[in-house]
Amino acid sequence: MNVFGYTVNGTQCSRLVFGAWAIGGAFTGKVDDKESLNTLAFAFENGISFFDTAPVYGNGHSEWLLGQFAQNKRTKIFIATKGGISWKTHSSGQRVMEPYGSSKNLKRELEASLRRLNTDYIDLYQLHWPDPKTDIAETFETLTQFQTEGSIRFIGVSNFALSQLKQAKKYAEIIALQNQYNLLSREVETELLPFIEQEDMYFLSYGSLAYGIFTGKFYPSYPFAENDWRKTGISPTNNYFIPSNFEHHLKQVNQLKVLAEELHCSPAQLAIAWLLRHPRIYPLVGAKTIGQIKDNIQALQVNVTSEIEKELDHVFT
Ligand SMILES: NC(=O)c1ccc[n+]([C@@H]2O[C@H](COP(=O)([O-])OP(=O)(O)OC[C@H]3O[C@@H](n4cnc5c(N)ncnc54)[C@H](OP(=O)(O)O)[C@@H]3O)[C@@H](O)[C@H]2O)c1
């Protein structure tokens, strides 16, 4: 089934996906809701029709903002959200997120997402993380049930390894995988991307800008806000912001800037355009301001030559 890139019931899916993690406000410093809504509106007016969010992006706040923005244009946008995570309080008192793909939890989460998003269907519903504690059949049969009932249109997964994806596909028709992929993290190239191609699926890359590193705006000892995860660099998916790695990546970005100048584009645009070379990749890109999304959208005009591609491989691998 070919879905992305086609008009689906009047909904055109743009190649560039607006990643709504940052506007949830919980993980990457302060955001202003009015500015976030203006940024979403600017993205839409300039051709972005695909939006990715999740309940855990600001404890529902990102979904709520998208719901506000989507009023009067629901049939013109494609909304991807996620489920399958719960908050647990450890004995130390610390609240942590844990994968939880039980049928009961997914039903509860889907209902809450539909309410916040102000809609009666989700276009793409993704299991946020694999849950080794729940029977995979229970998780994916539940998602298929949602699809049959019409509350979700398509099923996706996120942060899955190849073996987990193959298992899940036994119980549901999965059309998309959302994993981290960018110039710094190339693991998906060996097995997952060839599998996506072979299975006629789509790939949503997250961290497409390495969480801002490829914009070229950072410098050593950059003053990240206290509530910004990049301040400590602690993340389940990467260690880009651990001080010694961060300084190395800043040097790589200096070379990215030189290559971008050759193509008359910004380094962020080059990093996104590099992902767009692959027709099955839909890059997720976060933005907090109109200026940022305006810069990122221009990536669609950048043509990465094979010479620049080789240079990028040389710098980043
Ligand atoms: N499935 C998962 O587990 C998972 C995990 C992570 C992300 N995601 C998804 O992937 C999306 C993209 O990832 P991401 O948002 O974390 O990271 P990203 O796209 O690599 O970086 C986005 C951040 O970089 C900065 N930025 C973006 N464009 C800029 C520009 N032109 N100039 C200057 N700064 C710019 C902004 O933050 P500052 O202004 O604060 O620097 C923005 O929030 C997320 O929004 C989310 O939808 C999914």
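Start at the ligand and select A20: a polar backbone atom of A20 sits 3.4 Å from an oxygen atom of the ligand. That makes a polar contact, meaning a pair of N or O atoms within 3.5 Å; within protein, one must be able to donate a hydrogen and the other to accept it, and residues adjacent in sequence count only if both atoms are side-chain atoms. Next, pick H128, where a polar side-chain atom lies 3.4 Å from an oxygen atom of the ligand. Then go to A210, which has a backbone N or O atom 3.4 Å from an oxygen atom of the ligand.

How much of the ligand does the protein bury? Taken alone the ligand exposes 900 Å², and the protein buries 92% of that; these accessible areas come from the Shrake-Rupley method with a 1.4 Å probe, and for residues only the protein chains shown count as cover. Now colour β12 (281–286) and α9 (290–297), the elements that give two or more residues to the shell around the ligand. Helices (H or I, at least four residues) and strands (E, at least two) are DSSP runs, numbered from the N terminus.

Before moving on, a word on what you are looking at. This is a predicted model, in which local features need pLDDT of at least 70 and side-chain atom pairs count only at pLDDT 80 or more, while totals for chains, interfaces and linings use all residues. Residues are numbered from 1 along each chain as its sequence is written, and side-chain values use heavy atoms, with hydrogens and water left out.

Back to the shell: 29 residues surround the ligand, and the closest are D52, S158, K217, R230 and K288. A residue counts as near if one of its heavy atoms lies within 4 Å of the molecule or strand in question. By type, the shell divides into eleven nonpolar, twelve polar and six charged residues. Here Ala, Val, Leu, Ile, Met, Phe, Trp, Tyr, Cys and Pro count as nonpolar, Asp, Glu, Lys and Arg as charged, and the others, Gly among them, as polar.

Select R230 next. You'll find R230 in the loop between β11 and α7. Is R230 buried or exposed? R230 is buried, with a relative accessible area of 11%; buried means under 20% relative accessible area, exposed over 50%, and partly exposed in between (1.4 Å probe, protein chains only). Show the side chain of R230 and you can trace a polar contact to the side chain of D228 at 2.8 Å. A polar atom of the R230 side chain also lies 2.8 Å from the backbone oxygen of Y211. Leaving aside residues up to four places away in sequence, R230 touches T28, Y211, F218, F224, F241 and K288, where a contact is heavy atoms within 4.5 Å.

Stay in that loop between β11 (202–206) and α7 and click S221. S221 has a positive phi of about 60 degrees although it is not a glycine. At 71% relative accessibility, S221 counts as exposed.

For another positive phi, jump to N72, which has one of about 70 degrees and is not a glycine either. N72 is in the loop between α2 (61–70) and β5 (78–83), and is exposed at 79% relative accessible area. T75 is in the loop between α2 and β5 too, and counts as partly exposed at 49%.

Now a couple of buried serines. S49 is in the loop between α1 (33–45) and β4 (50–52), and counts as buried at 7% relative accessibility. Among the residues S49 touches, not counting those up to four places away in sequence, are Q12, K76 and F78. S102 lies in the loop between β7 (95–99) and α3 (103–117) and is buried at 8%. Its side chain reaches the backbone nitrogen of N105 at 3.1 Å.

Last stop: helix α10 (residues 306–316), with buried residues I308, L312, V315 and F316. Look down the axis of α10: these buried residues fall within an arc of 80 degrees, so they line one face of the helix. The arc is that of the directions from the helix axis to the C-beta atoms. On the face turned away from the buried side of α10, select the exposed residues E307, K310 and H314. To see what covers the buried residues of α10, include α7 (243–262) and α8 (267–276) in your selection.
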